[in-house]
Amino acid sequence: MKYLLLKHYRGGPAPVVDYGSIDRWTPEEIDAHVQFMRDFAARLEETGEFIDGQALAPEGAFVRYDGEGRPPVTDGPFAETKDLIAGWMIIDVESWDRAVQLAGELSAAPGPGGKPIHEWLEVRPFLTESPTVTE
């Protein structure tokens with residue numbers, strides 16, 4: 001089963017630990033945080049559970065179709081929004097329980113002072129079948 005682990009820069013449930021904004025961390029703290037995630041991904045590559053993962057820039061925009069022959073409509077960027085996804089990881093594991101276990105481990109990435117930040121990660125299963133409508 002494939003799951004998407006969403007790492008929120010802002011948004012989600014109230015943080016357990018107030019680790020402050022990452023733009024106030026030292027370069028060494030940021031490096032340690034990123035290295036933790038790289039090591040985590042490498043460990044999952046060895047077990048065959050890692051599919052892909054990327055960090056995301058805070059800039060972006062919403063885009064939608066605006067009709068035949070018209071350019072797409074954009075709204076944004078909204079880097080100041082309260083909800084901002086910092087990155088994602090796709091894992092392929094045996095069960096929901098394993099996905100939750102791994103998300104919990106990833107939540108322990110270090111922050112200021114090298115202490116685990118206990119961040120919330122959103123775990124979303126990939127749809128495996130088209131939804132069916134029953135009457």
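The structure is a predicted model, in which local features need pLDDT of at least 70, side-chain atom pairs count only at pLDDT 80 or more, and totals for chains, interfaces and linings use all residues. Residues are numbered from 1 along each chain as its sequence is written, and side-chain values use heavy atoms, with hydrogens and water left out. The chain holds two helices and six strands, assigned as DSSP runs numbered from the N terminus (helices H or I, at least four residues; strands E, at least two).

**Overall fold**
- From the N terminus, the order of elements is β-α-β-β-β-β-α-β.
- Among contacts (heavy atoms within 4.5 Å) with a separation of 6 or more, 74% are between residues 24 or more positions apart.
- The chain exposes about 9400 Å², with carbon and sulfur atoms supplying 57% of that area (Shrake-Rupley method with a 1.4 Å probe; for residues, only the protein chains shown count as cover).

**Glu-29**
- Glu-29 belongs to helix H1, which spans residues 27-47.
- Glu-29 is buried but has no salt bridge (a side-chain nitrogen of Lys or Arg within 4 Å of a carboxyl oxygen of Asp or Glu).
- Arg-24 is the nearest side chain of opposite charge to Glu-29, 9.5 Å away (Lys and Arg count as positive, Asp and Glu as negative; His and the chain ends are not counted).
- A polar atom of the Glu-29 side chain lies 2.8 Å from the backbone nitrogen of Gly-113.
- Apart from neighbours within four places in sequence, Glu-29 contacts Gly-111, Pro-112 and Gly-113.

**Glu-49**
- Glu-49 sits in the loop between H1 and strand E2 (50-55).
- With a relative accessible area of 10%, Glu-49 is buried.
- The side chains of Glu-49 and Arg-98 form a polar contact of 2.8 Å (a pair of N or O atoms within 3.5 Å; within protein, one must be able to donate a hydrogen and the other to accept it, and residues adjacent in sequence count only if both atoms are side-chain atoms).
- Not counting residues up to four places away in sequence, Glu-49 touches Leu-44, Ile-90, Ile-91, Asp-92, Val-93, Arg-98 and Leu-102.

**Val-17 and the surface patch**
- Val-17 lies in the loop between strand E1 (2-10) and helix H1.
- Val-17 is partly exposed, at 31% relative accessible area.
- Val-16, Val-17 and Trp-120 make a nonpolar surface patch of about 290 Å² (residues with over 30% relative accessible area and no salt bridge; like charges are joined within 9 Å, nonpolar side chains, namely Val, Leu, Ile, Met, Phe, Trp and Tyr, within 5 Å).

Note on methods:
Buried < 20%, exposed > 50% of the residue type's maximum accessible area, 1.4 Å probe, protein only.
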